[in-house]
Structures are given as C-alpha cells and as structure tokens.
Amino acid sequence: MSDLNHDLYLRHLRDNPSCACGSQVEDAAHYLLECPLYDAVRETTILASQSHRSAKDLLYGNPALSTHVNEDIFLSVQEFIYLSGRFAA
C-alpha cells in the first residue's frame, strides 16, 4: 500500500484513482515508469543506472539478478521517490 491515488481509492480514502497528469490511474507502475510529471527525475535515477525494468523489479527486486544489481535498483528507486517530491508533507 502506498499513498498513490489508486491505493487510496482502493482504501476508500479518495474519490478517484487518477493522477495529476491526467492519467486515469496513479498506481506504482504509472508513477515509477510512465508519469510525465516525473520524466526528468526518472531519467536521472531509475533509468540512468539500469536498463528498462518492470514495476515489479523496481518494487521487489529480481532474484535472477545479482545482489549488487538489486541493491542498485533499490537505491535508484529510493532516490527517485525522494527527488520526485510526490510524498512530501
């Protein structure tokens, strides 16, 4: 669970699951890989050090990859979340 609009909608805490960019659903895949509001941050974090990954790999890692690569993915996602400012109070 997150504070993305889709998760809040599923928990009956938002009236709709849409994103501020106009997408009908703001879920993890949209936020991490698609939302144009975060293109610049995505380019310098998630996409800078890794080839294109799935949202599942970004959230949970990939057992087929080395521990080092999974750690790099984790750190790039953490940096993306921080720099995006999406969850700032």
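This is a predicted model: local features need pLDDT of at least 70, side-chain atom pairs count only at pLDDT 80 or more; totals for chains, interfaces and linings use all residues.
Local features are reported at a pLDDT of at least 70 and side-chain atom pairs only at pLDDT 80 or more, whereas totals for chains, interfaces and linings use all residues. Residues are numbered from 1 along each chain as its sequence is written, and side-chain values use heavy atoms, with hydrogens and water left out.

The secondary structure of the protein comprises six helices and zero strands, where helices (H or I, at least four residues) and strands (E, at least two) are DSSP runs numbered from the N terminus. The radius of gyration, taken over C-alpha atoms, is 13 Å, close to the 12 Å that the globule rule gives for 89 residues, so the protein is as compact as a globular protein of that length; the rule itself is 2.2 Å times the number of residues to the power 0.38. Along its principal axes, the C-alpha trace spans about 40 × 25 × 25 Å. Of the 89 residues, 31% count as buried, a term that denotes under 20% relative accessible area, with exposed meaning over 50% and partly exposed in between (1.4 Å probe, protein chains only).

Four aromatic pairs are found, a pair being rings of Phe, Tyr and Trp (its six-membered ring) with centres within 6.5 Å, classed as stacked when the planes are under 30 degrees apart, edge-to-face when over 60 and tilted for the rest. The rings of Tyr31 and Phe87 have centres 5.6 Å apart and planes at 75°, so this pair is edge-to-face. Tyr31 is buried at 3% relative accessibility, while Phe87 is partly exposed at 36%. Tyr38 and Phe80 form another edge-to-face pair, 6.2 Å centre to centre with 80° between the planes. Because Tyr38 lies in the loop between α2 and α3 (39–44) and Phe80 in helix α6, this pair ties together parts that are 42 residues apart in sequence. Both Tyr38 and Phe80 are buried, and ring pairs link Tyr31, Tyr38, Phe80 and Phe87 into a cluster.

A search of the whole structure finds zero disulfides, a disulfide being a pair of cysteine sulfur atoms within 2.5 Å. The sulfur of Cys19 is 3.7 Å from its closest cysteine sulfur, in Cys21, which is too far for a bond. Cys19 is buried, with a relative accessible area of 7%, whereas Cys21 is partly exposed at 29%.
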